[in-house]
Amino acid sequence: MVYAYPAYYRDFRCLAENCRHNCCIGWEIDIDEISLTRFLSAEGELGKELRENISLEGTPHFITAENDRCPFLDDTRLCRLYRAGGLGFLCDICRDHPLFRNFLPGRTELGLGLSCEAAARLILTQGAPFTLLEEGNPEPDIETEEIVSGRRELFSLAQDRALTLTRRMEKLLELYELEMPRNAPGVWAAFYLSLERLDDSWTAELLRLKTFECFSVPELTEYEQLLVYFLYRHVPRCYDDLDADSKLLFAVLSTQIIGTLAGSDRERIIELARMYSAEIEYSDENAELIYDMLSALQINND
């Protein structure tokens, strides 16, 4: 088994109570089976409180308190469960966030999700080109090697700093004989507005996107890192649906949307990337709808 992860992966540090966008607010926090057993059997006052604040309807989850806060988030914006039992007491989703994993035969890839502001800042402010580190012993698998080697070529094109970012994205699509649908940003804004949304601030950004006549991505390394991040995270998903084209188109479209909205404001880039990730990447339904739309448009272009 090979384990792969970005060179910056181990540099991540949670902001804890200093985080402006606390991951314990605004989400329905699902509870994995092992953690559920641990929580329901906990003793004392904490055990009683756990049982009172867990819903078993559908996927087990914490019953959010006022303002969609986790009931175990204290007034200092720290987790009472972590304080009581440490990292091992948390459920999987809380212990892992913002970690994500992609699984391929013989290969597990680890990464940090942009929905966390600390992770977004770490990823996007890297000055050096993206580097992927690997540990373990390879287990030959033809499909895995095709995906990894194909994506390696995409990384190389995306990080060719002799070319403009716009030209790099064009060459990425040319490599697979794809064309980004020539719809105006306003058309994509309308489509994204049709998706499930969490935050009114995201709605406001999409309404802004409607006012632009064309996509524009400034020549900043933040956008190179953003493009490579999307390639790293999304291309491996083609193993399940055999649709690499939509994943490549998603990486380009997502970079264009964030670039158009954030422009050259580096703080805005980080915030818009965080917001985009929370609204799109962390909703499997939203991501799949975008993949499907890009696939359908590509078929129509053919």
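Q: Before we start, what should I know about the numbering and the model?
A: Residues are numbered from 1 along each chain as its sequence is written, and side-chain values use heavy atoms, with hydrogens and water left out. The model is predicted, so local features need pLDDT of at least 70 and side-chain atom pairs count only at pLDDT 80 or more, while totals for chains, interfaces and linings use all residues.

Q: How many helices and strands are there in the chain?
A: Helices (H or I, at least four residues) and strands (E, at least two) are DSSP runs, numbered from the N terminus. Here the chain has 14 helices and 6 strands.

Q: How does the radius of gyration of the chain sit beside the globule rule?
A: The radius is taken over C-alpha atoms, and the rule is 2.2 Å times the number of residues to the power 0.38. For 302 residues the rule gives 19 Å and the chain comes out at 20 Å, which is close, so the chain is as compact as a globular protein of that length. Its C-alpha atoms fill a box of roughly 60 × 50 × 35 Å along the principal axes.

Q: What share of the residues count as buried?
A: Buried means under 20% relative accessible area, exposed means over 50%, and partly exposed is in between, using a 1.4 Å probe and protein chains only. Of the 302 residues, 50% count as buried.

Q: Which residues touch the most other members of the largest nonpolar core?
A: In soluble globular proteins, nonpolar side chains tend to be buried together. A nonpolar core is a set of buried Ala, Val, Leu, Ile, Met, Phe, Trp, Tyr and Cys residues joined through side-chain atoms within 4.5 Å. The largest one here has 73 residues, and L114, Y192, Y223, F230, L231, Y276 and I290 touch the most other members. Helix α12 (residues 244-262) supplies the largest share of this core, 10 residues. Apart from it lies another core, of 16 residues, with C24, F62, C70 and L90 among them.

Q: Where is L231, and what is it in contact with?
A: Contact means heavy atoms within 4.5 Å. L231 sits in helix α10 (residues 221-234) and is buried, because its relative accessibility is 0%. Leaving aside neighbours within four places in sequence, the contacts of L231 include R151, L154, F155 and L248.

Q: R151 is on that list; is R151 buried or exposed?
A: R151 counts as buried because its relative accessible area is 1%. R151 lies in helix α6 (residues 142-158). A polar contact is a pair of N or O atoms within 3.5 Å; within protein, one must be able to donate a hydrogen and the other to accept it, and residues adjacent in sequence count only if both atoms are side-chain atoms. A polar atom of the R151 side chain lies 3.2 Å from the backbone oxygen of Y232. Not counting residues up to four places away in sequence, R151 also touches R107, E109 and L132, among others.

Q: What about D74: where is it found, and what does its side chain make a polar contact with?
A: D74 is in the loop between β3 (61-62) and α3 (80-85). D74 counts as buried because its relative accessibility is 11%. Its side chain makes a polar contact with the side chain of T76, at 2.7 Å. Beyond residues up to four places away in sequence, D74 touches R69, R80 and R83.

Q: How many disulfides does the structure hold?
A: A disulfide is a covalent bond between the sulfur atoms of two cysteines. The cut-off used is a pair of cysteine sulfur atoms within 2.5 Å. The structure holds 0 disulfides. For C24, the nearest cysteine sulfur is that of C23, 4.5 Å away. For C79, the nearest is that of C24, 5.9 Å away.
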